[in-house]
Amino acid sequence: MTGGIAFSKGHGTQNDFVVLPDPDAALDLTAARVAALCDRRRGLGADGVLRVVRWTELAGEPGVGEPADGVEWFMDYRNADGSLAEMCGNGLRVFARYLHECGWATGGPVGTRNGVLDTAVGPDGVSVGLGTVGVGPASVATSGGARFDGIALDVGNPHLACVTAADPATLDLTRAPSFDPALFPNGVNVEFLTPLDGPADGGRIRMRVHERGVGETRSCGTGTVAAAVAALRHAGHSAGDVQVTVPGGLLRVTVEAGTDERTGPTTLHGPAVLLASGELDRAWWDAPA
């Protein structure tokens, strides 16, 4: 095929993405087109779209600040329903893997709607620094008629992380959990997590997540960080190294000590895989979604 639109498909612990290399911001990436692309029957299927674009070409778009000195690439992330999202931790890891594999960058800083974040690509996976996490008030999520106590966390996007003794595998997340709309006016990602042992250094937890604009996903990078912070705080710790088992695999989160209101720097470690590449048919792209 010639004249089509290049794409790659990748995932981080089965949190999957369509990667669109668009250095000069030439694509008309509408919400309807993103939703069609992410649909698992009429499109390629994905939890979201990662547009690889030069920051200078996207300046002035919603949530995009002026380019930072020395930072060429910007991760323009869209949820599966076409909505813009401030951040995506697993998406950033796949984004960094893509830049590395195509020779455009070998790790280093990337622009996002949550500012400049650092990436490191190694033989065993990709690590990304997700900055500090804001710790908000206690709140409640309701799922399947049950109430779950949680804590509001800001990982560049909003989260409600609920520590529960229930096995997350038993929860019905086919419907979005309900939450306090006054606390989360723009929606929220909700995590349900069970500590498997004391989450100090070497702690382990199990988690499931319902992402706003997507539904339940096999993994969520920022949600994994939120779950690790919630587990640590639940156990009376401000810092630690936490292994997080999600339906799609295993991730590790490093949380450095901070204050009651904000953690120190956090780092997400895990695999990032590119599994396919090709071209989208131009006629399909141009057709009404």
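A polar contact is a pair of N or O atoms within 3.5 Å, where, within protein, one atom must be able to donate a hydrogen and the other to accept it. The exercises below apply this and related criteria to a predicted model.

**Exercise 1. Describe the surroundings of lysine 9, stating where it lies, whether it is buried or exposed, and which side chain it meets in a polar contact.**

Step 1. Lysine 9 is placed in strand S1, which covers residues 5-12.

Step 2. The relative accessible area of lysine 9 is 14%, and the cut-off for a buried residue is under 20%; lysine 9 is therefore buried.

Step 3. The side chain of lysine 9 makes a polar contact with the side chain of aspartate 16 at 3.3 Å, a value that lies within the 3.5 Å limit.

Step 4. When neighbours within four places in sequence are left aside, the residues in contact with lysine 9 include Asp16, Phe17 and Val18, then Leu44, Gly45 and Ala46, and also Val273, Leu274, Leu275 and Ala276.

**Exercise 2. Determine which residues of helix H1 are buried, and which elements they pack against.**

Step 1. Helix H1 spans residues 31-38, and its buried residues are Arg33, Val34, Ala36, Leu37 and Cys38.

Step 2. These buried residues of H1 pack against the strands S2 (15-21), S3 (48-54), S4 (73-79) and S17 (273-280), as well as against helix H5 (282-286).

**Exercise 3. Characterise the largest cavity by its volume and by the classes of its lining residues.**

Step 1. The count of cavities of 30 Å³ or more comes to one, and the volume of the largest cavity is about 80 Å³.

Step 2. Its lining consists of Tyr77, Asn79, Ala85, Met87, Cys88, Gly89, Asn157, Asn189, Glu211, Arg212, Cys220 and Thr222.

Step 3. Sorted by class, this lining has five nonpolar, five polar and two charged residues.

Notes
Residues numbered from 1 in each chain as written. Predicted model: local features only at pLDDT ≥ 70, side-chain atom pairs only at ≥ 80, totals over all residues. Heavy atoms only, no water. Helix = DSSP H or I, 4+ residues; strand = E, 2+ residues; numbered from the N terminus. Buried < 20%, exposed > 50% of the residue type's maximum accessible area, 1.4 Å probe, protein only. Contact = heavy atoms within 4.5 Å. 1 Å grid on protein atoms, 1.4 Å probe; cavity = no way out; pocket = protein on both sides within 12 Å on 5 of 7 lines; lining within 4 Å. Points joined across faces, edges and corners; volume = space filled by probe spheres on them. Nonpolar A, V, L, I, M, F, W, Y, C, P; charged D, E, K, R; others polar.
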